[in-house]
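User: Hi, I'm new to reading protein models. Could you walk me through this one, a question at a time?

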Amino acid sequence: MEDPLVPLEKDTIRVVITPQEHSENNSSWVYTSKELIHPVSQERNTFVIARDGCNPITELYAMDKINWRNQTIKNNSSTPDGKPYSCLFITYPLSTATSVPATVLGKHPDIYVMSSFSPLFFLIAYFKSAMVKAQNDGENKRLLSYEDLIEIICNDDETISMFVNEFQMDLRPYLECICELVSLPSMDSDDESTDPFYKPSLDKILNIIDERINSLVHLFQTENGIASLKWRMDTMYPKGLTDELRSLLWKRQAISIMSLFVDEWYINEACKKFNYKFTELDQFISASKVDQQAQQAMDESLEMMHEGMIKSNNKRFKPTPKKINTTEKKKTGALDMFFKRKESN
């Protein structure tokens, strides 16, 4: 006999949505959660290090908590204490003879999404002080081998040290993206092929940021899954956007997203290098706000005029009540009429 289903109390459900490739039946991923300092906000956030038990693959994810309040919808329904309604309904269909049918309904659950977070952003944050100093003082960082560079970074940064020493992450591919690579001939060997030396490069970092921004813009323009965002854009600017203005708006949105991963200093430097200009977009938005305010004022005037006309019409056609004579008539009877005649004689 199966156990009866027991309703769960609120705030007792915790759900983590993993990447699709991790949810396959033959998946052997092992997850470890860590509280780490976010490279941009400098606040503690929950990250997950996922390791494939069958392959030497290690991936990093940020745990993003779902916000139940939809900011795109006005006048959201809320509970009496002002919180948005939230619930989770999970079913397990009876697909095989061994599966157990179940239904779970949770009130006010916490749902997290594992979002990919590249270790590259921790390295970019680490090199910021060196990049700022090199730009201000004109000082060039010396060339270092991969081993020497990793040793220095791990001594300075506990998080990156954990990636390398505890979870055996190979940071070489990430460093190659943001460092200049210089091969020097060996003095001890006739073999000219040597391991490259590394030197962090601001230009390469800014190129990476620009590539990510352009990739996001392309995603916004082509992905059907963000139709709600496109609809909101058209709703905000009902007079329509030209293709050029729409691209600028997408680029500004992409820059805003990138600012969640890299420091604002890098964003400003990328804007300077790649000449991001939003003057035309700002003028359009300002003009749209003026039009919206004028339209709102006109609507309010029309509404007041409409209310005034209703009151005027009600006053004009209001029926006038008939005056009723409330003077009480003196009652007369047969004897009264008899004496009245006698007096007249």
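User: Over how many bridges do β9 and β10 pair?

Analyst: This is a predicted model, where local features need pLDDT of at least 70, side-chain atom pairs count only at pLDDT 80 or more, and totals for chains, interfaces and linings use all residues. Residues are numbered from 1 along each chain as its sequence is written, and side-chain values use heavy atoms, with hydrogens and water left out. Strands (E, at least two residues) and helices (H or I, at least four) are DSSP runs numbered from the N terminus, and two strands pair if DSSP finds at least two bridges between them. For β9 and β10 the pairing is antiparallel, and the number of bridges is 4.

User: Which strands stand at the edges of that sheet?

Analyst: The open sheet has 3 strands in the order β8-β10-β9, paired antiparallel. Two of them have a single partner strand each, so one side of each is left without a neighbour in the sheet. Those edge strands are β8 (144-145) and β9 (179-182).

User: Is S201 buried or exposed?

Analyst: S201 is found in the loop between β10 and α6. Apart from neighbours within four places in sequence, S201 is in contact (heavy atoms within 4.5 Å) with M131, I178, C179 and E180. Buried means under 20% relative accessible area, exposed over 50%, and partly exposed in between, using a 1.4 Å probe and protein chains only. At 5% relative accessibility, S201 counts as buried.

User: How are the ring planes of Y146 and Y198 arranged: stacked, edge-to-face or tilted?

Analyst: Rings of Phe, Tyr and Trp (its six-membered ring) pair if their centres lie within 6.5 Å; planes under 30 degrees apart are stacked, over 60 edge-to-face, and the rest tilted. By this rule there are 12 aromatic pairs. The centres of Y146 and Y198 are 5.9 Å apart and their planes stand at 55 degrees, so the pair is tilted.

User: How far apart in sequence are the parts that this pair ties together?

Analyst: Y198 is buried at a relative accessible area of 1%, and Y146 is buried too, at 11%. Y146 belongs to helix α3 (residues 146-156) and Y198 to strand β10 (residues 197-200), so the pair ties together parts that are apart in sequence by 52 residues.

User: What charged residue sits over the ring of Y146?

Analyst: A charge sits over a ring if NZ of Lys or CZ of Arg is within 6 Å of the ring centre and within 35 degrees of the ring normal. Over Y146, a charged end lies 4.0 Å from the ring centre, and it belongs to R172.

User: How many residues of helix α4 are buried?

Analyst: The buried ones are T159, I160, S161, M162, F163 and V164. They pack against β2 (29-37), β3 (44-52), β4 (58-65), α1 (120-126) and α3. Helix α4 (residues 158-165) is largely enclosed by the rest of the structure because its buried residues number 6 of the 8.
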